[in-house]
Amino acid sequence: MATALLRSLRAAVGVRRTLSCVVAQTCSSPQYSGLRRGFHRAALLRLADDSKSNQTVPPPYHHERFQAQEPQKGSSFSSAEEASASDPDAQHEDPQPNTSYQDQSGEQAEDYETEDQLQARILTAALEFVPQHGWTVEAIAAGAETLGLSAASAGMFDNGAGDLVLHFVAECNSQLAKILAEQHNHIQLGHVEKKTTSEFLRDAVETRLRMLIPYIDTWPQAMSLLLLPPNIANSLKHLSTLVDDIWYYAGDRSTDLNWYTRRAALTGIYNTTELVMVQDSSPDFEETWAFLDNRIRDVVNMANTAKQVQSTGEAVVQGLMGAAVTIKNLTGMNQRR
Amino acid sequence: MAASLRGIPKKVLRFTNRRITSRTAPTAGVPLNRREPPTARNFSAESEPKDTHFGFQTVPEHEKAERVYKVFESVAQKYDVMNDAMSLGIHRLWKDTLLHVMNPQPGLQLLDTAGGTGDISFRFLEYAQSVRQRQLRQRARANQTPSWVEVAADYGKEAEPMESRAMVCDINKEMLKVGKERAERAGITSGVHWVVGDAEELPFDDNQFDVYTIAFGIRNVTHIQQALQEAVRVLKPGGRFLCLEFSKVSNPLLSKLYDAYSFQVIPVLGEVIAGDWMSYQYLVESIRRFPDQETFKEMMEDAGFFRVQYMNLTGGVVAIHSGFKL
């Protein structure tokens with residue numbers, strides 16, 4: 001009990017210090033406005049906790065906001081604590097509140113943004129520097145600087161440029177999934193007619209490949225990064241989720257060998273089209289889309305041909321059986337004595 | 001160059017007079033726990049002097065800083081030679097690894113605390129310079145035949161790239177003197193600045209530096225937690241803290257060999273080469289008193305660093321701890 005009191009006292013003292021820092025820094029970091037909002041929320045949550053244990057008087061300039069928000073903060077505090085306790089990447093492994101509030105406002109806001117989210121933001125910001133610097137750590141450093149962080153924070157990414165490429169691929173895939181889901185919705189609601197499978201595949205692959213167009217000059221470097229041993233597992237994972245998503249929205253619900261053959265076929269189509277696109281110099285990549293059309297037609301033809309071969313084979317076998325029975329009849333061997 | 005320093009150390013003059021004290025000057029809103037020793041956590045404002053370790057001895061806190069100062073004052077001249085002798089030159093590899101982990105891009109500001117003779121700073125400047133040259137070469141290769149449009153666009157747009165800067169801060173003037181002489185001999189004239197300062201109370205403003213390194217220095221600091229908090233203070237948001245320090249060897253066999261080497265060979269080398277047995281006895285004892293990798297990682301997290309990781313070198317003889325101020 002005594003330790004809990006002491007901890008909350010310490011937290012309050014820490015909060016007071018950080019609040020004074022925040023007041024001093026109000027004009028200095030416009031990029032951090034979002035983070036500061038998070039900080040204020042955090043400060044208020046802590047003040048609510050302190051007042052419950054009747055330890056300290058909250059600082060006067062926060063008093064009226066604190067009063068107005070105390071009732072609901074009481075409940076949201078416990079949910080926030082649960083959320084941060086259950087989130088494995090939240091802040092750092094230390095779950096105790098007493099140590100995190102001596103920090104300055106920038107870190108305080110980390111409670112409301114996990115390290116992963118911050119990393120994602122840095123990588124997204126870094127993408128705009130890729131045409132200039134290529135897929136390298138310099139691009140990440142430049143991206144971090146636009147967010148107001150020092151360029152040294154690019155050291156957070158153990159895999160460096162590989163992380164940047166994987167992030168981009170993941171973002172493109174999730175964007176494609178969103179687009180496909182929307183289209184699916186429209187079809188369900190009846191706004192749009194259903195497309196044939198080959199048309200659907202063609203459109204989906206084209207949409208996905210068009211996302212590469214802004215970075216097409218440096219895409220060969222990205223492809224080579226994806227093939228490096230540390231990255232190859234992740235890149236294959238992203239590719240398989242992409243292909244799976246496309247087939248799912250194309251309506252594939254097969255549970256037999258077709259599942260594998262379809263995905264293998266689409267993987268082949270996607271990879272080869274990507275390679276063609278990288279060295280395509282026609283206006284708006286017309287040759288790439290023509291290549292894509294041909295490949296899809298080939299695959300569909302293969303599927304049809306396979307069916308035909310199978311039915312032809314069955315027909316031939318039946319014909320032979322029929323001929324054998326006829327011959328047996330003619331020679332009188334079929335009679336039952 | 002000297003006239004246009006940003007982040008000018010404000011308290012340098014004061015420091016030459018009060019270099020010994022480990023008492024902190026109260027700044028606005030310092031929380032109570034900043035005055036705590038690293039081991040006990042209590043809130044009573046201590047008036048009686050607390051004890052701390054100095055190697056395997058126990059000394060009052062205010063004495064430790066003095067005695068550390070004397071140790072380094074006496075070893076300063078032979079510091080680099082002894083480093084090479086004691087570690088068989090491996091310390092160069094450790095420091096090179098630290099730089100590779102840091103991977104500094106050109107234009108960063110480094111604060112090399114307990115930087116002494118400037119090993120880390122010189123390597124930092126070299127690394128940043130080579131990265132910059134590689135960038136320029138790549139840019140030149142890409143621009144072999146610029147079209148007239150590009151030439152016109154780049155005309156008059158040569159932005160001054162930010163120069164990397166290394167600030168070497170040490171509490172000991174003798175070590176800084178040796179460092180300055182080394183810089184002159186190596187011909188490094190711009191980019192390095194030498195400042196006297198206490199790691200527990202750095203003479204710099206907030207949010208000044210991109211990278212803060214402390215190589216083989218933090219175990220000599222009386223209040224390690226305070227030094228970590230000062231590091232948090234002077235780093236920019238997104239800045240990186242790197243600590244290269246002797247740590248616990250996990251392998252028991254290697255540990256026995258290491259202990260034998262430390263206690264039997266190193267003080268003898270100290271006596272033979274530098275004429276100072278006790279300083280090197282202190283050195284190996286202080287290594288044993290430093291917290292191990294996990295404990296130090298927790299201390300860093302307590303101070304407010306995120307994404308704290310450590311890397312063992314040479315089987316745990318040395319560890320690099322890295323954290324970010326986010």
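**Ground rules.** The model is predicted, so I kept local features at pLDDT of at least 70 and side-chain atom pairs at pLDDT 80 or more, while totals for chains, interfaces and linings use all residues. Residues are numbered from 1 along each chain as its sequence is written, chains are lettered from A, and side-chain values use heavy atoms, without hydrogens or water.

**Sheet.** I looked up the strand order in chain B. Seven strands make an open, mixed sheet: β5-β4-β3-β6-β7-β9-β8. Strands are DSSP runs of E, at least two residues; helices are runs of H or I, at least four. Pairing takes at least two DSSP bridges. β5 (192–196) and β8 (306–313) of chain B are the edges. I then checked β3 (109–113) against β4 (165–170) of chain B: they run parallel, with five bridges. B:L111 faces B:M167 there.

**Helices on the sheet.** Contact is heavy atoms within 4.5 Å. Angles (0 to 180 degrees) compare N-to-C directions of lines fitted to C-alpha atoms, for helices over the stretch in contact. α4 (90–102) of chain B touches β3, β6, β7, β8 and β9, at about 160° to β7(B). α5 (119–142) of chain B lies across β3, β4, β5 and β6, at about 175° to β4(B).

**Surface.** I found B:V268, B:V272, B:W277 and B:M278 in a nonpolar surface patch of about 400 Å² accessible area. α9 (252–274) and α10 (277–289) of chain B each supply at least two of its residues. B:W277 sits in α10 of chain B. B:W277 counts as partly exposed because its relative accessibility is 36%; the class lies between buried (under 20%) and exposed (over 50%), with a 1.4 Å probe and protein chains only. Patch residues have over 30% relative accessible area and no salt bridge; nonpolar side chains (Val, Leu, Ile, Met, Phe, Trp, Tyr) join within 5 Å, like charges within 9 Å. Areas are Shrake-Rupley values with a 1.4 Å probe, and for residues only the protein chains shown count as cover. A salt bridge puts a Lys or Arg side-chain nitrogen within 4 Å of an Asp or Glu carboxyl oxygen.
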